[in-house]
Amino acid sequence: MTTSRTSSVPMAALLVVLFGSFMDLLDATIVTVAAPAISRDIGADDAQIQWTIAAYTLALGAGLITGGRLGDQYGRKRLFLIGLAGFMVTSALCALAADPAMLIGMRAAQGLTGGIMVPQVFGIIRASFPPEERAKAFGAYGAVQGLASVAGPLLGGLLVEADLFGLGWRTIFWINVPVSVVALVVGAKVLPESRSASTARLDLAGALLAAAGILLLLLPIIQSETWSWGSYALLAAGVVVLAIFLAYERRLTARGAEPVFDPALLRIRAFAVGLAASVLFFGGIGPYFLTLSVYLQNGTGRTALEAGLVILPYALGSMVTSGLGVALAAKAGRTLLVAGSLTIAASHLVLWYVVKDGDDPGYWLLALALFIGGLGLGLAAPILVNVVLAGVPGRNAGAAGGVLSTVTQLGGAAGIAVLGTVFFTAAAGPAGFSHALAVVLLASAALYLITAVVMLALPKTA
């Protein structure tokens with residue numbers, strides 16, 4: 001790798017990439033609390049609300065496939081700034097959306113720009129800090145991830161409730177614009193440029209095939225209520241396209257090229273199991289917060305801010321255990337993952353018990369169930385990738401890590417498609433939201449029990 005040092009202070013460069021990462025992570029969660037307000041304001045139906053959230057994570061996952069390789073070839077600073085500028089523009093266009101179709105399209109575009117920006121963060125940190133200081137910088141990145149999980153629902157609720165300048169939910173997107181402007185100006189001056197010495201061509205065809213196949217699978221799930229038999233045709237088409245994708249990637253590998261996904265990785269047992277565990281684990285988080293936010297606002301009459309305050313204990317619980325999980329990962333990584341998944345399953349069953357009768361259980365019972373769930377998330381989420389990669393040979397670790405990050409995002413989109421559809425189908429009206437959430441909670445509790453069983457096949461330590 002060739003790296004050009006600038007005279008910038010490394011800490012300033014770190015702050016810039018952390019701001020970019022924070023906005024990206026924030027926008028993955030902030031919309032869930034604003035969903036009911038968006039639905040009321042622009043007439044978005046249930047499927048369109050699901051797409052508003054899933055389109056972002058799906059496009060982000062697709063962008064991650066190629067974003068890292070683009071940064072390697074054309075410069076990580078350049079691609080980070082391009083992605084950040086695109087994120088700023090698409091955030092403004094989300095805020096200006098006049099109808100659900102425009103909002104969904106701009107959310108997808110916003111996710112793509114995030115997928116260009118985020119993969120450059122690790123490379124920029126490596127170029128900014130000497131080896132002995134990188135651990136602290138990566139630790140700060142992990143802390144920002146935790147902060148974003150706390151800030152998303154709470155900040156979303158605050159902004160919707162404040163109704164600044166009469167903009168309502170649109171402020172959750174407008175807030176990205178001034179932050180991006182500052183980060184762009186500072187970043188242009190302080191970020192170091194770095195590239196990879198590799199001259200391998202970008203596998204654009206593979207990236208497009210993967211994105212098309214996944215979209216064909218998710219589209220009919222979310223639209224199942226209105227498309228009926230057409231959904232089966234699209235599902236079958238999605239399976240065919242993904243099969244073509246795998247065959248195409250095998251051909252590229254056989255020719256000595258660098259595909260976006262090397263199918264040989266699936267022959268590594270730990271990695272194949274890790275992909276399944278990641279899809280299951282992260283597939284339950286996005287729909288959990290979406291359905292809970294809709295229940296809290298439309299089912300119990302809480303405001304967006306009150307919903308954010310109910311969700312806050314989840315983030316606090318994850319902060320309590322995340323440090324413990326990281327500290328013990330090298331000794332008991334798999335045990336922590338299984339314990340985390342079982343704890344999340346238990347929290348969903350506790351929440352199911354308190355909402356199943358249809359009455360508003362009150363803040364403290366809700367907060368207790370959410371806090372327990374956060375404890376489980378903190379044990380498992382920060383170390384899952386490291387435990388999975390422990391079973392992958394070092395020469396494949398980079399490619400495997402990229403695929404794992406992508407699959408994590410796609411798992412979130414798939415979860416919103418499946419469990420979100422279950423929720424909205426079960427909710428016949430305000431009186432049905434408790435029942436709908438109870439159904440989702442039982443399904444997601446089962447999901448995390450299955451996840452815990454799958455995790456038993458992962459490596460013992462990180």
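## Helix H13

Start with helix H13, where the buried residues are Ile285, Pro287, Tyr288, Phe289, Leu290, Thr291, Leu292, Ser293, Val294, Tyr295, Leu296 and Gln297. That's 12 of the 15 residues of H13, so the helix is largely enclosed by the rest of the structure. Keep in mind that you're looking at a predicted model.

H13 covers residues 285-299. Its end C-alpha atoms sit 20 Å apart, which agrees with the 21 Å that its 15 residues should span at 1.5 Å a residue. Just past H13 comes Gly301, with a positive phi of about 80 degrees.

## A closer look at Ile285

Ile285 belongs to helix H13. Is Ile285 buried or exposed? Its relative accessible area is 15%, and because buried means under 20%, Ile285 counts as buried.

Leaving out residues up to four places away in sequence, Ile285 touches Leu377 and Tyr448. Ser194, on the other hand, is 91 residues from Ile285 in sequence and 35 Å away in space, going C-alpha to C-alpha.

## Helix H15

Leu377 turns up again among the buried residues of H15, along with Leu366, Ala367, Ala369, Leu370, Gly373, Gly374, Gly376, Gly378, Leu379 and Ala380. What covers them? The cover includes helix H12 (269-283), H13, helix H14 (304-355) and helix H16 (384-389).

H15 itself takes in residues 363-380, 18 residues in all. From first C-alpha to last, H15 reaches 26 Å, close to the 26 Å expected at 1.5 Å a residue.

## The largest nonpolar core

Now for the largest nonpolar core, which has 129 residues. Which of its members touch the most others? They are Phe80, Trp169, Phe271, Phe281, Leu292, Leu351 and Leu458. Helix H1 (residues 10-42) gives the most to this core, with 16 residues.

Leu292 is also one of the buried residues of H13. As for Leu458, setting aside neighbours within four places in sequence, its contacts are Ala270, Val273, Gly274, Ala277, Arg334, Leu337, Leu384, Val387 and Val388.

## The second largest pocket

Finally, there's some open space to explore: the second largest pocket holds about 190 Å³. Its lining is made up of Ala62, Gly63, Thr66, Leu70, Leu112, Ile116, Leu202, Leu204, Ala207, Leu208, Ala211 and Ala212. By type, that lining splits into 10 nonpolar residues, 2 polar and no charged.

Where does the lining come from? Helix H2 (46-74), helix H4 (100-117) and helix H9 (204-222) each supply at least two residues. H9 has the largest share, 5 residues.

Notes: Residues numbered from 1 in each chain as written. Predicted model: local features only at pLDDT ≥ 70, side-chain atom pairs only at ≥ 80, totals over all residues. Heavy atoms only, no water. Core = buried A, V, L, I, M, F, W, Y, C linked by side-chain atoms within 4.5 Å. Buried < 20%, exposed > 50% of the residue type's maximum accessible area, 1.4 Å probe, protein only. Helix = DSSP H or I, 4+ residues; strand = E, 2+ residues; numbered from the N terminus. Contact = heavy atoms within 4.5 Å. Expected span 1.5 Å × (residues − 1). 1 Å grid on protein atoms, 1.4 Å probe; cavity = no way out; pocket = protein on both sides within 12 Å on 5 of 7 lines; lining within 4 Å. Points joined across faces, edges and corners; volume = space filled by probe spheres on them. Nonpolar A, V, L, I, M, F, W, Y, C, P; charged D, E, K, R; others polar.
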